[in-house]
Amino acid sequence: NLYVNKRDMKTGVMYDLMIYDFSKRFDNAKVYVADSGKISSSTDKKYLVFTMYSGVSFENLRDVNRYPRDEKVPYLRESFSMKEILIAFDANFKMEDESHMQNRDLSKNLKQLGSYIDSASVVADSLDNQVVKMLKKGFYSQALFSPSQVEKEQEQSQSEESKDLYTYYDEKTDVQKQSVLTSAKSKAATVRSELYYNKDMQTGRNAPLIGHKIEWHKKIAISFACLVFLFIGAPLGAIIRKGGIGMPTVVSVFLFLFYYSIDMLGLKLAKQDVVPVWLGMWLSPIVLFSLGLFFTYKAVNDSIMFNVDAWMALFKRLIGKKETRNYQKKEVIMYSPDYTGCLNKLRKLTTDSEDFQKQINKNPGYISFWNKDIFAPVDRISQDMENLIDELRNSEYNLIIAKLMDYPVFSAMQTSLMRNKKIRTICAYVFPIGIVVYLYNLYKIKGVKEDIALLIRVNGELSVEIEKKINKD
């Protein structure tokens with residue numbers, strides 16, 4: 001151990017040095033204290049030369065452990081103006097003997113790994129069977145009974161029904177019960193110790209086998225992952241459609257970190273024998289393959305999944321942020337709207353909206369929400385409203401055009417998947433998912449109530465403007 005208070009970065013000289021040499025154990029440490037010093041390498045590059053100036057050294061002349069505690073140990077204390085010590089440090093590069101690595105899983109090919117796995121699996125299975133038989137023999141039956149009693153009970157069971165555990169215990173006196181419980185507790189502790197011991201032995205014995213299985217799967221999984229990255233990068237290039245190194249670099253780094261994180265997770269789970277080795281090592285390629293299929297599908301369908309505006313619109317819909325309409329009077333009007341027909345449509349739209357408003361006046365319960373698609377009427381009302389707006393946009397009156405911009409915007413209330421009766425039933429019984437979706441839709445219902453109330457109000461105001469237009473004509 002080396003302590004340096006200060007070092008001159010230009011000359012390399014170190015000041016206020018203390019060196020503790022524990023190569024002969026802690027009790028026989030050799031200590032050096034010096035004012036300054038410098039480290040250099042020997043000519044053959046096999047040692048570090050430590051040159052110290054103006055210091056003191058201390059060391060025992062004999063091993064402390066060979067002396068009685070009450071006897072003094074001779075020591076040497078030396079003062080020096082300059083002292084050099086050599087520290088073994090071979091800086092030459094040497095090829096290590098291949099025999100040191102030939103039994104490691106890292107140095108084996110697929111054939112050698114497979115051969116070791118087959119042999120080690122047979123040995124592990126045979127040892128596991130022996131352990132299981134031993135534990136079965138002494139785990140339950142001998143917890144309260146001695147081996148001789150177990151054999152006697154087995155013989156009696158051939159001619160008459162043997163006594164169960166409770167009957168055996170109830171027939172005992174209080175003193176005997178206490179003795180039985182004490183004996184059972186002792187035997188249970190012994191069995192538990194055996195279980196932990198065998199678990200540790202089995203873990204240590206299976207570690208090389210698991211290591212070879214991991215290396216066998218890794219050689220194939222990494223090669224497959226390289227191909228998967230190719231099929232991820234190609235569709236990503238078609239989706240991103242941006243040059244330079246900005247967005248492509250960010251996405252590439254994110255995908256690699258995503259792959260590396262999952263790969264490390266699978267490796268740790270496989271090493272700890274939490275999951276099968278094949279699942280742990282193929283977890284990241286499987287996830288990447290699914291991601292590659294998704295990106296390929298999006299690229300084929302000309303997706304805009306990396307369009308910031310599309311994601312912002314989705315985020316606004318999720319949090320319920322209201323969208324606004326922006327209409328202007330058309331410069332060229334091909335045909336004027338049928339105001340009398342529009343007025344009738346407005347009245348029908350108001351009636352439908354009021355009926356739906358009564359239905360959702362009270363929040364639905366959990367079961368009724370999943371049994372019935374309560375948002376189905378909203379889609380019909382929204383479609384009728386949009387058709388009416390499209391027709392009235394051909395109006396030549398600015399007041400009517402301005403009033404159309406007050407209508408709310410209804411986004412899709414449910415996905416086509418959630419409208420499926422079977423999917424809704426499954427979600428209802430999968431409580432963690434079902435409850436989250438149910439609470440989120442209660443939040444959406446609150447926004448729908450506000451939009452329906454706004455729709456009814458705008459219908460009334462627009463009806464007044466249309467009636468004025470009809471009476472004026």
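1. The side chain of Ser353 reaches the backbone oxygen of Leu349 at 2.7 Å. This is a predicted model; local features need pLDDT of at least 70, side-chain atom pairs count only at pLDDT 80 or more, and totals for chains, interfaces and linings use all residues. Numbering runs from 1 along each chain as its sequence is written, and side-chain values use heavy atoms, without hydrogens or water.

2. Ser353 sits in helix α9 (helices are DSSP runs of H or I, at least four residues, numbered from the N terminus). Its relative accessible area is 0%, so Ser353 is buried (under 20%; exposed is over 50%, partly exposed in between; 1.4 Å probe, protein chains only). Leaving out residues up to four places away in sequence, Ser353 touches Ile381, Ile452, Leu455 and Ile456 (contact: heavy atoms within 4.5 Å). Ser382 lies 29 residues from Ser353 in sequence and 9.8 Å away in space, C-alpha to C-alpha.

3. The largest nonpolar core holds 35 residues (buried Ala, Val, Leu, Ile, Met, Phe, Trp, Tyr and Cys joined through side-chain atoms within 4.5 Å). Leu392, Leu404, Tyr407, Ile452, Leu462 and Ile466 touch the most other members. Helices α9, α10, α11, α12, α13 and α14 each supply at least two residues of this core. Helix α14 gives the most, nine residues.

4. Leu462 touches Leu346, Leu392, Ile400, Lys403, Leu404 and Tyr407, again not counting residues up to four places away in sequence. Another core lies apart, with 11 residues, including Leu236, Tyr259, Leu288 and Phe295.

5. Val253 belongs to helix α6 (residues 247–271). Val253 counts as partly exposed because its relative accessibility is 45%.

Conventions: Polar contact = N/O pair within 3.5 Å; in protein donor to acceptor, adjacent residues only side chain to side chain.
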